[in-house]
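Me: I have a model open and want to go through a few parts of it. Can we take it piece by piece?

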Amino acid sequence: MKKFIFPGALCFILVFLNSCLTTLHPIFTEKDLVFDHRLAGSWKKTKDGLSVSYRPATTSDLEALSPTLQRNAGKFYMYEEKDEQGRMKKANFAFMVKLGKYYYLDYYPAGVKQTGPVDEFFAAHYIPMHSIYRIRFTTNNSFDIQQLDAGYLENLIRNKKIRIRHEVTEDGSYVITAPTEELQKYIVKYSDIPEAYSNDNSASYNKIN
Amino acid sequence: MNKKLFLAVSLTILTFLSSCLTSLNRLVTHSTVSTDNRIMGNWQFEDLQIKIESLPVSSFYKDLLASVKAKEEVKSVFDSKEDSLLYSNSYVADFVRNGYRYYMICSLVKLGNDLFANIEPVQARPVNKPTDNDGDDLFSTGTYITSNSIAKLVFKGNEIEFRFIDAEFVREQLKKGNLAIKYEKDDLFSTDLITASSVDLQHFLAKYGKDQKLYNKENTATLKKI
Amino acid sequence: MFTGKINRNNRNVRIMQHILFIFLVFFILLNTFKFNSPPAPVDYVYTTLFLATVLPVVYLHLYWLLPKLRSKPFLVSYIIPLALITAAAIWVNIQLFDHWSANLFPGFYFISYFTWWEISLFFIILILLTTLLKLSKSWFLVNQLQRELLEKEKQRVQEELKALKAQVNPHFFFNTLNSIYSMSLDKDERLPATVLQLSELMRYFLYQSNEDLVPLAKEIEVLKDYIALQRIRSDEKLDIKTVIEGDAEQQKIAPLLLIPFLENSFKHGVKGDVGATFIDLKISLNGNSLNFLLENNKGTVDVVEKNDNKGLGLANVKRRLDLLYPARHHLIIQDQGKDFIVNLQLQL
C-alpha cells in the first residue's frame with residue numbers, strides 16, 4: 001500500500017511494515033476469549049526498555065465498540081505504550097485466545113494520538129487491522145511475544161501452497177480478508193513452524209508491577 | 001494523552017466509519033486517469049478552506065521531493081512507474097483542522113459522460129511540525145490500511161459537488177442481497193470494506209453511476225470557489 | 001395409438017432429462033457465482049441471466065450444428081457457424097450484464113464479473129459437456145441397437161438351423177416302414193429288432209435333434225441303426241464296413257450332422273435296386289478332433305429325387321457346418337468317377 005517514499009517516520013502506511021501479519025477479521029469469536037490475570041500489569045521490554053501495560057478493559061474503554069464486545073469487557077485488555085515522557089504512543093485493545101497449543105493476542109487499534117478530534121472524513125479512510133501475536137509465559141513475571149510473519153504467508157499464497165481468502169491491491173500488497181474460522185485454522189496449522197513467525201517483532205518482557 | 005481523548009477520538013472514527021463505506025482498491029488506475037483542471041483552486045466547504053493543486057506542482061510534492069532527495073538518494077518519490085503515471089495526473093487537496101494539516105490525493109476518471117473522483121489519504125501532520133520527523137504521526141498508534149472513497153463530480157459554475165456514494169444505501173442493498181460486489185464485513189468490530197477491483201468498480205459505476213439512488217444530499221459536499 | 005403413447009412417453013422422459021440437466025447446471029453456476037453463503041437474491045438473478053445467454057447456444061449447437069459435424073466442408077458447415085453464434089452470445093452476455101440488466105432488473109445491482117475470455121470458457125465447457133452427453137446417449141443407443149441386432153441375428157440363425165434340421169429326408173422313414181410292412185407280411189424274425197431300431201431312430205430325430213449338442217456316441221449309434229435299417233432294404237449284397245476308433249464317450253456333436261452323408265451314400269449307391277455296392281465308414285477320434293471318412297460306390301443312376309429335394313441334403317449339412325463349426329471344419333467331397341468320398345475333419 002506504500003505509494004510514496006516517505007523518509008523515516010513520515011510513512012503512515014503501516015501494513016506489512018516489518019513484515020507483520022495483519023488481518024481484516026479478528027482471530028476470535030466471542031466464545032473464544034480468554035483472560036489470563038498474569039498478563040495484567042506493567043511490563044518492560046528487555047531489548048529496548050520500552051514500558052507497556054496491559055489492564056483489563058472497562059466499559060468506558062469500550063463505548064465505541066459493538067454490544068457483543070462491550071458485554072465481554074472483563075475478558076480483554078487495554079494495551080498502552082508510553083514514551084519516556086509518559087506520553088501515550090500507542091493504544092490497542094488486546095484480545096487473548098487459545099488456538100491449538102498456544103495462546104495468541106489479537107491487537108486492535110484503540111484510537112489516535114492527537115491533541116484534538118481527528119478529521120472524520122480523513123479518518124474514515126483508515127481501516128483498523130488486527131495484528132496477531134503468539135504469547136508464551138516463561139514465568140509468572142515474564143513472557144515472550146512473537147508476531148506472525150506476513151511474508152511467510154504471502155509466500156505460501158504466491159506459491160499456491162495455501163488457500164486463504166485475500167486481496168491483492170494494485171501495487172501488489174496482500175490484504176488478508178480471511179474470516180475468523182479460516183484464520184484460526186491457519187494459525188493452528190502453522191503454529192509450530194518457526195518461519196511462520198517474524199523475528200523482527202519478537203520480544204521478551206519482564207514484569208515491573 | 002488522556003483516556004477521555006482517546007475515547008473521543010475512537011468514537012469519532014468509529015461513528016463516522018459507520019456512515020462511510022470505502023474501497024480497498026482505487027477507482028482510478030494509471031491507465032484510466034483523467035484530468036480536469038476546473039477542480040484546482042481554493043475552495044470553501046463549511047468551515048474548511050481546501051486547496052486543490054495538481055500534485056506534481058504542489059507544495060506538498062515539492063517538500064516531499066526535497067526531503068526524499070536529501071535523505072535517501074532516490075530519484076523519485078513514487079514506488080513504481082504506474083504510481084508515477086497515476087499521481088502525475090492527480091491532484092492533492094489540503095486543509096487544516098484542529099492543528100493538523102491533512103493531505104488527500106484526488107484522482108479523476110471519466111466513466112461515460114460522468115466524472116468520478118477517487119480520494120485517498122496521504123498524510124496528516126501537525127501544522128507546527130511541518131517536517132514531522134519525530135514519529136508524531138496520526139494513526140501510528142495502531143495498525144491500519146488506507147482505503148479510498150468515491151464521489152461523482154458535478155461542476156456547477158463556481159461550485160463543485162462531490163456526490164459521495166451513499167454508504168447506507170449500499171449496505172442496505174448488500175444486506176437484502178440485491179447487490180453483488182466484493183465486500184468484507186466484520187460484525188464484531190463493525191468494519192466493512194468494498195474489496196472489488198478497480199476494473200469492477202469502474203464497470204459498476206459506468207452502469208449505475210447515473211442512478212440517483214446511489215447518492216443523497218447528506219453525502220454530498222458542495223465546495224464553493226473562493 | 002399405442003405407438004403414439006409410447007412416443008409421447010419417450011418425449012416426456014427426454015423433456016424431464018433436459019429440465020433436470022438445466023437445474024443441475026443452474027445449481028452449479030449459482031454456487032460458483034455467489035459472493036457469500038447462502039446465495040442472495042441477486043445471485044439467482046445473475047445466474048438466471050447468465051444461463052439465458054448460454055442455453056440458446058447450447059441447444060442450437062446440439063440440434064442444428066452437431067448433426068452437421070460430418071458435413072463437408074466442415075469449416076463452413078460447423079466451425080464458422082459455431083464460432084459466430086458463440087461470439088454473438090458472449091457479446092449479448094456482456095451487454096446484458098454491463099448495461100441492459102439495469103433496466104430489466106432495476107432493484108438489483110451487479111455487473112459481469114468475468115472477462116470475455118472467462119465467459120467464453122463457460123460457453124465452451126457447457127457446449128463440450130452437452131455434446132459429450134449427447135454422444136454418450138447415442139453411443140448407448142447404438143450399443144443397444146447392436147445388441148438387439150445381434151440377438152435378432154442369433155435368433156434368425158437358430159431358426160435357420162432349426163429349419164435345416166427339420167429338412168431331413170422323410171423318404172427314409174417311409175421306405176423303412178415299407179420294409180417293415182414287408183417283413184411283417186413275411187413274418188420276418190428281424191421285425192421286432194427292426195421296429196425297435198426305427199423307434200430309436202425316430203426318437204432321436206424327433207427329440208434329441210432339438211438339442212444344440214448330443215453325445216457323439218449317440219450320433220454314432222444312430223448311424224449304426226441307420227445302416228442296419230438300410231441293410232434290411234439292401235439285403236446281403238451291400239458291403240458295409242464300419243470302423244470306429246477312439247473314445248467317443250466324452251465328446252459332443254451337433255445332432256444329425258453326419259447322417260446326411262450316410263443318407264447320401266445310400267442314395268448314390270442305389271442302382272435301380274441296391275446291387276453290389278459298398279460303403280466304408282471310418283470314424284476316428286483323436287482328442288476333440290473327429291475324422292469322418294465315408295467312401296461308397298457311385299451308382300450309374302442316382303436315386304430319383306424330386307427336383308426340389310435334389311442335392312438338398314449335402315447343401316443342408318454344408319450350411320449347418322458353416323453356421324455351427326465356422327473355421328473348425330474341413331469338408332472334402334470327391335467324386336472319383338466310380339467312387340464317392342466324403343472326408344470331414346471336425347474340431348468338436
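Me: Which residue in S6(C) stands opposite Ile240(C)?
Reply: Ile279(C) stands opposite Ile240(C). Bear in mind that this is a predicted model.

Me: In what sense do S2(C) and S6(C) pair, and over how many bridges?
Reply: S2(C) pairs with S6(C), residues 277–286, in the parallel sense, and the pairing covers 8 bridges.

Me: What is the strand order of the sheet they belong to?
Reply: The order is S2-S6-S7-S9-S8 in chain C. The sheet is open, has 5 strands and shows mixed pairing. Its edge strands are S2 (238–245) and S8 (329–335) of chain C, each of which pairs on one side only. From one strand to the next, the twist averages 5 degrees.

Me: Where is Ala327(C) found?
Reply: Ala327(C) is in the loop between helix H9 (312–324) and S8 of chain C. Its phi is positive, about 60 degrees, although Ala327(C) is not a glycine.

Me: Is Ala327(C) buried or exposed?
Reply: Ala327(C) has 7 other C-beta atoms within 10 Å, so it is exposed; the cut-off for exposed is 12 or fewer.

Me: And what about Lys187(C), what is its phi?
Reply: Lys187(C) is not a glycine either, and has a positive phi of about 50 degrees. Lys187(C) sits in the loop between helix H5 (171–185) and helix H6 (191–206) of chain C. With 7 other C-beta atoms within 10 Å, Lys187(C) is exposed.

Me: Changing topic to helices. At what angle do H2(C) and H3(C) cross?
Reply: The axes of H2 (residues 41–65) and H3 (residues 74–104) of chain C cross at roughly 165 degrees and come within 9 Å.

Me: Why do H2(C) and H3(C) count as roughly antiparallel?
Reply: Angles over 145 degrees count as roughly antiparallel, and the axes cross at roughly 165 degrees. H2(C) and H3(C) are therefore roughly antiparallel to each other.

Me: Is the crossing left-handed or right-handed?
Reply: H2(C) passes H3(C) in a right-handed crossing. On the H2(C) side, the contact residues include Leu49(C), Phe50(C), Val57(C), Leu60(C) and Leu65(C). H3(C) contributes, among others, Tyr78(C), Leu82(C), Ile85(C), Val92(C) and Phe97(C).

Me: How many residues of that contact are nonpolar, polar and charged?
Reply: The contact of H2(C) with H3(C) has 14 nonpolar residues, 5 polar and no charged. Among the residues making the contact are Thr53(C) and His61(C) of H2(C), and Thr86(C), Asn93(C) and Ser101(C) of H3(C).

Me: How many residues does each of chains B and C put into their contact?
Reply: Chain B gives 11 residues and chain C gives 15 residues. On the side of chain B that touches chain C, helix H5 (residues 198–208) of chain B gives the most, with 5 residues. By class, that side of chain B has 4 nonpolar, 4 polar and 3 charged residues.

Me: What strands make up the barrel in chain B?
Reply: The closed barrel of 8 strands runs S1-S2-S3-S4-S5-S7-S8-S11 in chain B, with antiparallel pairing. Here the twist averages 35 degrees from one strand to the next.

Me: How many bridges join S3(B) to S4(B)?
Reply: 7 bridges join S3 (residues 91–97) to S4 (residues 100–111) of chain B, and these strands run antiparallel. Met104(B) in S4(B) is the bridge partner of Ala93(B).

Me: Now chain A. How many helices and strands does chain A have?
Reply: Chain A has 4 helices and 13 strands. Of the 209 residues in chain A, buried ones make up 39%. Among contacts in chain A between residues at least 6 apart in sequence, 60% join residues at least 24 apart.

Me: Which strand forms a hairpin with S9(A)?
Reply: S10(A) does, with 2 residues between S9(A) and S10(A). S9(A) and S10 (residues 142–148) of chain A run antiparallel and are joined by 6 bridges. Arg136(A) stands opposite Asp144(A) in S10(A).

Me: What about S7(A), over how many bridges does it pair with S9(A)?
Reply: S7 (residues 102–109) of chain A pairs with S9(A) over 5 bridges, in the antiparallel sense. Asp106(A) has Ile132(A) in S9(A) as its bridge partner. S1 (residues 22–23) of chain A also pairs antiparallel with S9 (residues 130–139) of chain A, over 2 bridges, and Thr22(A) stands opposite Ser131(A).

Notes
Residues are numbered from 1 along each chain as its sequence is written. Chains are lettered from A and ligands numbered from 1 in the order in which they are written. This is a predicted model: local features need pLDDT of at least 70, side-chain atom pairs count only at pLDDT 80 or more; totals for chains, interfaces and linings use all residues. Two strands pair if DSSP finds at least two bridges between them. Axes are lines fitted to C-alpha atoms, for helices over the stretch in contact, and angles run from 0 to 180 degrees between N-to-C directions. Angles under 35 degrees count as roughly parallel, over 145 as roughly antiparallel, 65 to 115 as roughly perpendicular and the rest as oblique. A crossing is left-handed if the near helix is turned anticlockwise from the far one by less than a right angle, and right-handed if clockwise. Two residues are in contact if their C-beta atoms, placed from the backbone, lie within 7 Å. Ala, Val, Leu, Ile, Met, Phe, Trp, Tyr, Cys and Pro count as nonpolar, Asp, Glu, Lys and Arg as charged, and the others, Gly among them, as polar. A residue is buried if 20 or more other C-beta atoms lie within 10 Å of its own, exposed if 12 or fewer, and partly exposed in between; C-beta atoms are placed from the backbone.
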